[in-house]
Amino acid sequence: MMASAVTEKKKKRMRGKKPWQKRNILQSEVKDGVRITEYNSISLREIKKPSTHIYPGRKVIDPKLLQKYSKGEGVEVKSIGYKNKYLAHKLKEKEKAFQEAEAAAARAEILLTETSGQLLAEDDSYTSHITQRDIRDAVDITSAAKSFDLNLNQFGPYKMRFTRNGRHLVLGGRKGHLAAMDWVTKKLHCEINVMESLHDVCWLHTETMMAAAQKQWVYIYDNQGIELHCLKRMDRVLKLEFLPYHFLLCAANETGYLTWLDITLGKEVIRFPTLKGRLEIVCQNPYNAVLCCGHSNGTVSMWTPNSREPVASILCHPHPIKAIDIDPTGRYMATAGLDRVLKIWDARNLGECLQSYSVGSGASSVKFSQKGLLALAMGNVVEVYRNVTNGGASEPYMRHKSGSTIRDMQFCPYEDILGISTYHGYSSLIIPGAGEPNFDALEANPYISLSARKESEVKALLSKVPAELITLDPHSISQVDTPRLQEKLDAKISLLHIRKPKIDFTPRYRMKGKSGSAQKFKRKQKVKEDKQREFLQAAILQRDQFMEEDKKNKKEKSKPVEILDRFKPKKKS
Amino acid sequence: MKFPTKSVKWKDQEDEELFVSATPGDGDGYEDEDDAYMDSDDGDIQDEKAHAHLLSDINKISKKKKPVIRRDVRTSLGAGISKVDTSGILKKLDSSSLNKSSQKIKAIPKPHEKPFVLRAKRAAGFEKVAMEVNKWGKVVHLRRQSSHLSFPLEQEDLRFKTLEKVEPVQLRTPLEQEVYSLLHDAKLVKKNTETEEERARKRAMSIQEIQERNREMWRQREMKRRYEKKAMLQNKSKSRKHHRLLRRERLRKQKLELEQLQKTDPEAALEKLEELERARVEERMSLRHKTSKWAHLQGFRANKDENAMAALKENQRMHRELITKVGTRAEDEDEDSNEIEAALKEREKAMEEGTYDPMNPWTNNLNKATSQIPQSEDESFTQFKKFWEEVNSRKLVEKKIQEEMAKKEEEDKVIDAEEIDEEEQEKEKTEEETASEDNNDEEEETNGYVGKQIVELDVSRKVNKDGNKTSISEENKNKIASEKENEENKSNELISIDEMFDEAEIGIKKKVKRKLEKLGIGIESGKAWTKVKRRKKAKCVTKVESVTIEEFDFSSKNDKDNIDESLKRVRTLEDMDSIQEKSTDKIKQATDILKKGNAITGSGNMTNETNSSKSKKVEVDPTKFLQVPTRKLATAMPDNVGRSGEGLDDDENDEDEDAENIIREAFADDYLIEEFSYEKAAARERDKPKVVSLALPGWGDWTGPNIKMSKRKIRKFRIPAPRGPPRKDSSIGNVIYNEQADVHDNLRKAMVSDLPYPFTSVKDFEASVRTPVGRIFVTEMVHKRLTTPPVVTKMGTIIEPMTEDELVRYKAQEPPTYEKQKKEKNMKNVRKKTINKRKRAKTH
């Protein structure tokens, strides 16, 4: 009924006008108050004369794919065209180039040849019932070799970390056992005991260096187990994170201190107390390099090295938070609370809860894979779920029970492997479809050679992002600081358009006929003019100074700095 | 000796000739003679004779030359007497040649003024140079436009060269020639033999035609002009009378149109009526009639002037009509209406006595009474009523015809249908009993018009009219009663409303059913109810109202909402098994939703009432996220957890909930939420701009220990805090966002704070830098293209200035339009200037 009302309203609007018709509509009729239209499956644009040429040009890009690489709307050149048509023309050309860039990126997808696999169960069975042994028996020998267990009974519980290219693994046992290895070839780099309690381990930018949070301080070792540094500014650290593009080592302290350390300079960027108690649940947002900490008051706070206050804090659970993770694209955040609820949040649109799941027994750790699978660790059980972000998950994709309680886990980048470290060792599980099948060799190359690694290290150092640029929105650097722009404009306007002040002056009464109306008026006028002249002179002086400064600045700016400038005589100021 | 010769010597005559049109007559001859006479003028008298001789000689030589005449003008003769033979001269004077010559000789035009000449010269020079320079226009244009330039410009053309022109084939063999001639003679290509003249003749029009066309064009122009003038005058007019007349005319026209439409297209007429109604509503909203200056003045005059009184009364009536909400039927008790009636009577009395003054505060109660007076008969409503009577009767006739036809064809089916109809009637009746709201729906449905409260009103009014008994207070009575009455009345009439109800009802139900089947909606979820808004017109459902859920608002008083409800009700008709179910459908739904609501909000451990009340606040509840429905994951239980043997625990909800409760109690989640909201409030307070007072102690009052500054003084010197933009997290309850920490000063230093030259909007500038150019972000080719420098110079080569050869490159192409225009414009200007100057010179 409502629908019919709507159509009637429409009719009313349409009265007297020629009914508008889309060109590619086959037919359209109103049935029971609902307009049913049949569209031509092919739009008119597509119905071109079939090209008779043998080579009909480049392949048309899928608009959806194009949308994926779209950078947003372009410049409205029209408004600029009035001012300077040459610049407008150049901008138009640039716009074209940008669009071509998008198209080129979309076309380059053809180079991503690999596709990720998955497990499919028969009708009467579940994928979660397939064990690691089943998989190992079914897959090829190299893949099977990737699934293995390490029994380390003495120095547990273990923490673990993969390198960014997923090739190397570092294990750190609570009782001081530190081991680094190439887990694919099973080649051990080093194995030492630091003779102290070990709380967390972390790779630095390459596999040659790793940081270990020991009982008192953080130490840096190379891959042969040689101690390189002892960072005494990072004390009693519970959790380590490394920001690869900023070359920052972040440490979260037992007493609630957060420390950022620039490893290229060996300089501490900032260190401050969060006043939020013990910091153990920490993860980084790979999208914007913001640290996210989970607290016992149910909030998740986000920190940057630029402020001593959290940039945002979100109340996620009405209970203490047990685990937190952000997916590699930076879109989703998963939190697990003591209330045995797992929540998926929109990590960019803060505060929007997308999904909420109740977990039988509370999850002690959550981790996203590159392809969006979510692993939950509950006691000695680890479960992997698919489609958690869109609410499609109800049953686990895979399940594994380990011998002892799981302490830490991580999906291996570019591999279908989930590594779990327990109280009594480490095991890697094959999770089909977990890792990104296509790797970007310039970004992270699992098969990198020594020379390439050196090269990439230099390049990464050259393109190091300064710590000041860490904010929630990483695009803010390409945005205009509008408040400051406004301020500048206002200042300019206020200087250029000064009005003389209104002066209200009542002359004093004087004797001897000196306060006649004419005399009074004259006196008044004189005072008025004097004051106004004074004001305007000052204002003009100020304005001139401003203009001069402006000119000076422009002049200075317009001269590009040349290499040979250093030999010029220095200016005497 | 004086001659009418030139007073100015032409120094640069050559130049002048360049620019000034050739002067009539020959100036040179005069000059020569002039000189000659000048000499003789100073000369001695002795030479007089010789001079005369010379003259005669000259005369002989050049007989056609006229200076002879001029000699007459000489006035002073020498002192010495010499005989000058004047007879010859006189003869000459008489001769026709003299006349002829005098005719030919004219005064030389006045030479142009110097500044003008110079200006003209400059203009011509500019033209010349402009031509010279403008030929580079295209080249410069292209240079400036191109995004990449590489120098030196001349680069060898390495392209593959082909022959530009193919020479015609030489016919060598006789066979070739023969074939060619055959082809040529066959005249496969028809030549266009029409000449240019013929074509022009074809195109030409006769004089009559042209005249006709001109006349037509003139007529159109004239009409347009008149129309525009009229429109302008009308727009200018401020006469109230004029506008009133216009309005009246417009109304009359509308009325006529409506009547016509009623006959031709009833549907459209209805729409038109609706539009009128909308206009009325709009006027009602504006309340212009009430607050106009005119009304104000009438109020003053009303005491003395009877006409003013009457006008005021009329205005009041109009106001009442307009301000009354359509469809408001105050469910007030009779007392209220009695009160109003009394007030009205009192007022009328006052009016009769002439003591009534609307501006008088003491008689305010009389005024108030008017605002409470319910709406009286409206013209539009009566129209509406008439209209519907017509429509109904027509429908009835149609229906009868259809029925007859149908009976003839298939009797059995008709019987079946009737049975169904009866059934449904029954159902409807039961519904009527249970919920009177349904009545409204049905009534509307009969009219085939959704959401039209006017219809109901109309019907009830009609009752009043027919009965002729009902007073205003009766009209205010309960709606159900009036409708029942209405039904009774109608049943007496030819058109039985009951029948119509059923008919329309069935039709609509079928439609809705079909639609719902198509859509396959499950509308029972609580969300569907959230849109229900509070409106007036509460009905008998008050029993259910005690169930206080925000989403399920039974106090809804709008018919549109009722229609929604009816939608749902009809949906349940799908299973026609139990009538009972339908009648109690709403209550059932209510309870359903209540249960669901409990389930949903239960996890938040908050009562529904507090939830709803909080959500109404501007500040968003931090517990909002708790309302996301929690789904159960089929997780396995770890071995080392206390409760062993608990696998997929779908059945053991109770235990689970118990455990949850224990945890909840242990950690006191309410406390956490509260703490968070305190924190947020604190942050908000901290970031708020502060109010500053510049009041100083001791100025204007006493100061010292234990003496507080007066509040008045503090207030006097207070500088109010500037109102900043709203906080970004103001709409999100569970987030504290610290913008200063996020977009901090160091970052702001790195950000751009000026808009570079061509950009005028921030959006445009940001769009221009939206694409990264590094090779990590874009493909290699694109990277190269985007980072090419605008100017590239080849090292080790001499970059020479452009030569005219460069022009040849662009010769083939048309010069850009703007250059051309500019040139033409320049030329025109120059021409115009010279012409103007000439004109001015002539006038001098």
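How many of the six residues of strand 22 (residues 341–346) of chain A are buried? Five of them are, and strand 22 of chain A is therefore described as mostly covered, where a residue counts as buried if 20 or more other C-beta atoms, placed from the backbone, lie within 10 Å of its own. This is a predicted model, in which local features need pLDDT of at least 70 and side-chain atom pairs count only at pLDDT 80 or more, while totals for chains, interfaces and linings use all residues. Residues are numbered from 1 along each chain as its sequence is written, and chains are lettered from A and ligands numbered from 1 in the order in which they are written. Strands here are DSSP runs of E with at least two residues and helices are runs of H or I with at least four, both numbered from the N terminus, and two strands pair if DSSP finds at least two bridges between them.

**Strand 22 and its neighbours in chain A**

- On one side, strand 22 of chain A is joined by five bridges to strand 21 (residues 332–337) of chain A, the two running antiparallel, and A:Tyr332 has A:Asp346 as its bridge partner.
- Strands 21 and 22 of chain A form a hairpin with three residues between them, and A:Arg340 in the turn has a positive phi of about 60°.
- Strand 22 of chain A is also joined to strand 23 (residues 353–358) of chain A by five bridges, again in the antiparallel sense, with A:Ile344 standing opposite A:Gln355.
- The hairpin of strands 22 and 23 of chain A has six residues between the strands, and A:Gly351 there takes a positive phi near 85°.
- Over residues 314–349 of chain A, the chain is 56% strand and 0% helix, with the end C-alpha atoms 11 Å apart.

**Two open sheets in chain A**

- Strands of a sheet pair through backbone hydrogen bonds, either parallel or antiparallel.
- One open sheet of chain A has four strands in the order 12-13-14-15 with antiparallel pairing, and its edge strands, each pairing on one side only, are strand 12 (237–243) and strand 15 (267–273).
- Within this sheet, strand 14 (residues 257–262) of chain A pairs with strand 15 of chain A over six bridges, and A:Asp262 stands opposite A:Lys267.
- Another open sheet of chain A has four strands in the order 3-30-29-28, also with antiparallel pairing, and its edge strands are strand 3 (148–151) and strand 28 (406–411).
- Four bridges join strand 3 of chain A to strand 30 (residues 425–430) of chain A, where A:Asp149 stands opposite A:Ser427.

**Where chain B touches chain A**

- In total, 76 residues of chain B are in contact with 82 residues of chain A, contact meaning that the C-beta atoms of two residues, placed from the backbone, lie within 7 Å.
- The largest share of the side of chain B that touches chain A, six residues, comes from helix 36 (residues 762–768) of chain B.
- That side of chain B has 42 nonpolar, 15 polar and 19 charged residues, with Ala, Val, Leu, Ile, Met, Phe, Trp, Tyr, Cys and Pro counted as nonpolar, Asp, Glu, Lys and Arg as charged, and the others, Gly among them, as polar.
- Strand pairing also crosses between the chains, as three bridges join strand 19 (residues 312–315) of chain A to strand 5 (residues 735–737) of chain B in the antiparallel sense, and A:Ser313 stands opposite B:Ile736.

Note on methods. Buried ≥ 20, exposed ≤ 12 C-beta atoms within 10 Å, placed from the backbone.
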